[in-house]
Amino acid sequence: MGNICRSPTAEGVMRRLVREAGLEREFEIDSAGTGSWHAGDSPDRRATAAAAARGVVLEGAARQVRPRDFEHFDLLLAMDNENLRELRTFSSDGDVAGKARLLREFDPASAGAADLDVPDPYYGGPDGFEKVLDQVEAACRGLLDSLR
């Protein structure tokens, strides 16, 4: 949504996994939100602290998705169905050949699950940020495996 909690967490987790695999030159990883209200802000301090406790670095500044992101990137991943619908509005053809997907589609343990949303932890407590990290890490591991 605002690009300060879930998506920078996914970006940080994926960067770490790619670095650990020695594949940094093979991937370009970025995050963006469907809304612009946090543009220019750093990642949420609670998300940053939870990630740091697991050795994940969150950095950068929030930005909003741009239509050219659909041309530049091979895959655009949404954290929930609401954001997936909104993400598709940024594309000139509504999806660009399936580039917009849910992140948790790549978590093998979530196969067939009715709900693939990563819950927004913004208005909750610390346990919400831990849950996001658990779900995002499982999905990013599955994503990296599928891209190898």
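The model is predicted, so local features need pLDDT of at least 70 and side-chain atom pairs count only at pLDDT 80 or more, while totals for chains, interfaces and linings use all residues. Residues are numbered from 1 along each chain as its sequence is written, and side-chain values use heavy atoms, leaving out hydrogens and water.

**Lysine 99**

Lysine 99 sits in the loop between α4 (81–88) and β2 (100–102); helices (H or I, at least four residues) and strands (E, at least two) are DSSP runs numbered from the N terminus. Lysine 99 is buried but has no salt bridge. Buried means under 20% relative accessible area, exposed over 50% and partly exposed in between, with a 1.4 Å probe and protein chains only. A salt bridge needs a side-chain nitrogen of Lys or Arg within 4 Å of a carboxyl oxygen of Asp or Glu. The nearest side chain of opposite charge is that of aspartate 74, 4.8 Å away.

| Backbone oxygen | Distance to lysine 99 side chain |
|---|---|
| Phenylalanine 70 | 2.6 Å |
| Phenylalanine 73 | 2.8 Å |

Beyond neighbours within four places in sequence, lysine 99 is in contact with Phe70, Glu71, Phe73, Asp74, Leu75 and Leu76, where contact means heavy atoms within 4.5 Å.

**Glutamate 28**

Glutamate 28 belongs to the loop between α1 (6–20) and α2 (45–52) and is exposed, with a relative accessible area of 52%. Not counting residues up to four places away in sequence, glutamate 28 touches His72 and Phe73. Glutamate 28 and histidine 72 are 44 residues apart in sequence, and their C-alpha atoms are 9.8 Å apart.

**Nonpolar cores**

The largest nonpolar core has 26 residues, of which Val13, Met14, Leu103, Val136 and Cys140 touch the most other members. A nonpolar core is a set of buried Ala, Val, Leu, Ile, Met, Phe, Trp, Tyr and Cys residues joined through side-chain atoms within 4.5 Å. Helix α5 gives this core its largest share, eight residues. Another core, of 11 residues, lies apart from it and includes Phe73, Ala78, Leu87 and Ala100.

**Aromatic pair**

One aromatic pair is found in the whole structure. The ring centres of tyrosine 122 and tyrosine 123 are 4.8 Å apart and the planes are at 85 degrees, so the pair is edge-to-face. Rings of Phe, Tyr and Trp (its six-membered ring) pair if their centres lie within 6.5 Å; planes under 30 degrees apart count as stacked, over 60 as edge-to-face and the rest as tilted.

Technical notes:
Lys, Arg positive; Asp, Glu negative; His and termini not counted. Polar contact = N/O pair within 3.5 Å; in protein donor to acceptor, adjacent residues only side chain to side chain.
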